[in-house]
Amino acid sequence: MRMEDLSIILAACLHDIGKFYRRAYRMGSHATLSGEFVEDCVPEFQGRDLVRENVVRHHERVVDEATKIVKEADSLSAAERREEEGEFEQRYKGEMRRMRHIFAACNDECKNQAFFYRIGPLDLRDYKILEGDTREGASINEYRDLWDKFLEDVKRLKELYSDGISDDSSLRHYIETLLELLRKYTFFIPSAPSIETEVRNSLYAHHKTSAALASAMLLNKRNNSDGRFTIILGDVAGIQRYVYGSRMYKGALKMLRARSIYISILTEAVARHIVNRLGLLPLNIIFCSGGHFMILAHYVEEDELKRILKEVEECLLREQRGSIGLKLSYAYMSQEDFMNRERFRSRLEEAGRGLMESGLRLFRRIMYEDFEGVFGPIPVDGEVCYSCGGTEGVKTEEVDGREISLCERCQRMRELSKELKHAGYMLVISWSGKVIKPEDLSIDRPGEGVYTGPLNFTTSGLSVSYHLCKDLDSALRLVHMFLQHGFRPMDVIIYKINDTDLSNELEKLRGLDEKYNGVAHRVSLGFKFISKHTPLSGEGEIRDFDDMAKASGGSKMIGYLKLDIDGLGQRLKEYCETISDYLTFSEALSFTMEGCIEYMLTLSFSGDDLNRLYLIYSGGDDLFLVGSWDAVVEAAEKIHGGLREVLRMDYGGPTISAAILIEDPKTPVKICSEIVSEKLRRVKEAGKNGINVMEGRISWRGFRDSLETAKRLSRYIDSGIVSRGLIFQLSRLISDYERDPERAWTTYRYRLKYLIARSLERVARRELEGRLLMEDVYRELCERFIYLTNISYLSELYTRREG
C-alpha cells in the first residue's frame, strides 16, 4: 500500500485515542485530543499531518475524501450514525462507565447482578481482571495510571523511529506495533460509554476494526468496485483426526502436542496467506483462534475467492496429503448491513451456513482436475512413515526395543514441543511474491536459539513462515540473514510468547538497530498466547505416557481431561451485533483459553506436580489435557474453579462440561480420545454443566465433594484406620441402591453404618476419638451418598499399590 493509504489507516487506528486521554487528564473534544496525541507521540513522516488532520476532523459534517474514509469506518465499526457530537456526547450517561462483562448478565433483561471489567492492561499476571466486579464507574486515577504506562511505551516506540519513518514498509511495521500496544492498554477500556446504552465495545476492538474497514475502503476505491465488503470465514477441517488419529508409539506424546501447536499455527498461516493474496494488512484478520478465522476484506469477486481457496487446498494437499482441509465461506456486506445490527447478524449467519456446506466439498476443485493426484496410487520406493504414512526422508530408529520408521516431517514435528518450551519469541514472516528457494528458510539451529521445524509453510506454497527464537537478538539475526541472502519479506512481526510487556523489547530493538543495519524499522513487535508448558524427564526429554503413569499416586494410570464451554456458539450469535462486538468477544475468549488456562495451572501446582501434566490443546471453547491420573483429576477441579470466576458462571455466564478418562498408558491415544469425547457428549445430553468421571454426569459440586471424600478415605486407609475393603463394600451398596432406588432409605443408611463400623474394628471404638471418627465418616457418606460410585472409584485408584 502507498504511504498515503497507510496514513489513512493509521488515522483510523488512532481517531478515538483522545477518549482515553480525556478520561485520564484533559477536558475537551476527544478529536482534538487525538490530534494532540498524533502531534506529540507519532514519529515524523511525510503523512503525519494527514493523520492529524483526519483524526481532528473525523466528526465534522463536511470533510475531504481521506477524512471521509476514517469517518465512515468509525461509524461502520460502531454500527451507529453519530450525527450529534460535541456537547451531545453525554446524552446517555457519563463516559467514566466501565465496560460490561462479556459473559455475565449479557442483557438488561437478565436479573443477575451486572459485572464490569476493571480499567487495566491485558496481562497474564493480572488475569483476574477478567472476573470483573460490580462497580460500574471508573475513577480518573485508574485511567491516569494506565495512560501513563501506555504513554511510556508509545514514546519508546517513537524513539525507535527517531530518524523518522522513511518508507511504506517502516510505516506498515509501525502501525502493527502500535496496534499491539493498543491491544494491551485499551482492550478493557470502553469505546463510547457516554453514547452506548450498554457499554460493550472495547476501544481496541473499535480502533482495529475501523482500521480494517478503512483498509478495505481504500482497496474498493482503487479497484473502482461498488463499495461492498467481504467477510471471509475459514475453518480448518480434520483437526481431531489429524491430532489424535495417527499411529502412536512409545515416546510419541511429544508428537501429540506438536500436532496441536502445528494446527494452531497453520490456521493463522492460511489466514495470513489469504490476506497477502488480497493485498490487505494483517490487521484485516479480525480473529484467528481454535482452528477458525475471520477476515474483513474489500469487495472480492467470487471467482477470485475460489482461486484462492483452490490455491490453499493445493498447499494443504502438499503439506498434509489431504488429512487437513479448509472450509471457506464468505458474505458480501453493504454499509447498510454494518449499520443495521439485525442485518449484520443475518449476514454472518449466512456465512456460517456456507461454512458448513463448504465442509462437504473439501478438495472438490482439485479432484476434478487431478483425481489420481488426490487418491493415488502413490508410488512408494522405500520405507513408509509409521506415524503418518509419508514417504519423504524416512529414517529408521530404535524405540523401546523396536525399529520405527519416521518421515522427515514427523521427525521435525517431534522436536517442536521441546523447542517451544525454550522459545521466548515467535518470528512470523509474510513473503511477497514467490519464494525462489523456500527450503532455505528452514533454519534449525537450536544452539543459536533458532528453530523452524515444520513451520516453514513456504515449502508447500503458502506465503508465510514461522520461526521459534530463544531471544530478541536471535530473531533479529535471522531476519538480517534473510535480507543479506536476497529474501524480501513483506511483513515481519516478532511475538513475545505469553508476556504482554514490550517495554524492554522496544528499548533493546533500538539498541540492536545499528548492529543489524536498520532491521529494527523492518519488524513489528507484539505478543502471542500459546500453551507451551512441556513436562520433561530428568534427562531433559519430553516425558512419555509410561513415565507420567509411574509418577501417578496410587494406581499407575494416565488421565485424560476434555473440557468444553457450553453453548458458546449461541452466545456469540446473541452478543455480536457489530464487527467490534465480534472482535471483543473473540479476543476475550482467546486470552482466557490460550493464555489463562496454563497460567492458572502454574499457580495451582508446584513444579513437580505441574511436570505431571501436559496441556495438549487449549483454544477456542475447549481444551484437552493428559497426565498422571491424580494430577489430571485435580487439574479439572482447579480449571473449573478458575473459569467459574472468569466466566461468571454464577451470574449468567456460560457453564462448563467435561469428561475424565483414566486408562492404562498402553491404550492408544486415538481410542482414549474417542472414549473421552463420547463421555463428554453424554454430559451434554444429560443437561451440560457437569462432569463425567465414572458412569454419568455429576454436578461440579458433586465432583468436588467426591474428590474431597475420596482423598479423606484414602488417608484413613493408608494410615490403617479404615480397611480398604470398605471401598468395595461401598461400591456394592451403591450398586444395590441404583438397582432398587425405591427401597426405603433407612435400609441403606443402616447398611452404611454397619459397613463403617466393621471397617473401624481395629480402632478402639470405646475411645472418644474412635466414636467421633465413625460418626464423622458416616455423616459425610450419608450426605454424599449419591456420589458413592465416584467416591469408591477414586478411592480405589488412590489406594491401589503397584510396583
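Leu 10 is in contact (heavy atoms within 4.5 Å) with Val 42, Phe 45, Val 51, Leu 171, Tyr 174, Ile 175 and Leu 178, leaving aside its neighbours within four places in sequence. This is a predicted model, in which local features need pLDDT of at least 70 and side-chain atom pairs count only at pLDDT 80 or more, while totals for chains, interfaces and linings use all residues. Residues are numbered from 1 along each chain as its sequence is written, and side-chain values use heavy atoms, with hydrogens and water left out.

Four strands form an open sheet in the order β2-β3-β1-β4, with antiparallel pairing. Strands pair if DSSP finds at least two bridges between them; strands (E, at least two residues) and helices (H or I, at least four) are DSSP runs numbered from the N terminus. β2 (285–289) and β4 (325–333) each have a single partner strand, so one side of each is left without a neighbour in the sheet. Within the sheet, β1 (residues 229–237) and β3 (residues 292–298) are joined by seven bridges. Ile 231 has Leu 296 in β3 as its bridge partner.

A further open sheet has six strands in the order β8-β9-β10-β7-β11-β12, and its pairing is mixed. Its edge strands, β8 (444–445) and β12 (524–528), each pair on one side only. Seven bridges link β7 (residues 425–431) to β11 (residues 489–497) in the antiparallel sense. Here Leu 427 stands opposite Ile 494 in β11.
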